[in-house]
Amino acid sequence: MATLLLIDSSVFPEGGSASRSVTSAFRKTWEEQHPDGTVIHRDLGADPVPHLDGVGASAGFADPATHTPEQQAAFALRTRLAEELERADAIVIGAPMYNFTIPSTLKAWLDQAIIMGRTAGENSSLKGKPVTVVASRGGSYAPGTPREPFEYVQNYLEAVLNGAFGLEVDFIVPELTMAPANPAMAELVPLYETSRDRAHEEAAARAKALVERLAA
Ligand SMILES: Cc1cc2nc3c(=O)[nH]c(=O)nc-3n(C[C@H](O)[C@H](O)[C@H](O)COP(=O)(O)O)c2cc1C
């Protein structure tokens, strides 16, 4: 029975969030294909993990046998996040663009979950696991657009998810999501709608393909 780890980081709840609508489409298809499977939902918008502090950071670099009681307490959360990642057969992450990069709650989760010698490094326990990132954004940062150099979501997440965790990374990018609300973007609404519809189709197709791959 396969397990999906679903991580949302939008500050907006379901219904008002572009990334959540696509991560839920992914989840819906996954559950339809996998009625007996498990979904672990970590909602960083509603329930953020604390920032990594010096105690938790030093615990990650020390032999657990030598941990002080404070390090043990701080490391318990990091271990739980690592276990969720290790338990998952596939991961989906909602990563909206806020001020050109990822939400600070997602960065806090990454800082806690990246444990050198366990989830990160040459022999990462997550090597080769598939992750799908839903990278919604209000504008467009696609290749060739004027804002392309300001894209710090996909560049960063590719580096950290593949480079540190060793995951196999795939992006779904609903773009121009601000078009319906911003009169200055009115003429971009059709492009937004196309991007939104394509993102939902890609989420369903990707979830289906992953279920089939895991069953093979
Ligand atoms: C705090 C904040 C900062 C944002 N910064 C950017 C930005 O730098 N570039 C951009 O294209 N859109 C920006 N947006 C718009 C969001 O990227 C866009 O609405 C996206 O679809 C949000 O996904 P969500 O609804 O799942 O949170 C910002 C939105 C918020 C709330």
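**Exercise 1.** Find how much space lies in the largest pocket, and which residues line it.

*Solution.* Start with the volume. About 500 Å³ of space lies in the largest pocket. A pocket here is an open set of points on a 1 Å grid over the protein atoms alone, where a 1.4 Å probe fits, with protein on both sides within 12 Å along at least five of seven lines. The volume is the space filled by probe spheres set on the points. The model is predicted: local features need pLDDT of at least 70, side-chain atom pairs 80 or more, while totals for chains, interfaces and linings use all residues. Residues are numbered from 1 along each chain, and side-chain values use heavy atoms, without hydrogens and water.

Next, the lining. It has 27 residues, each with an atom within 4 Å of a point. Nearest the centre are Ala18, Arg137, Gly138, Thr177 and Met178.

**Exercise 2.** State what takes up the largest pocket.

*Solution.* The ligand does. A molecule sits in a pocket if more than half of its atoms lie within 2 Å of the grid points.

**Exercise 3.** List polar contacts of the ligand (pairs of N or O atoms within 3.5 Å).

*Solution.* Take the side chain of Ser19: an N or O atom there is 2.5 Å from a ligand oxygen. Move to Phe100: a polar backbone atom is 2.9 Å from a ligand oxygen. End with Gly138: a backbone N or O atom lies 3.1 Å from a ligand nitrogen.

Notes: Polar contact = N/O pair within 3.5 Å; in protein donor to acceptor, adjacent residues only side chain to side chain.
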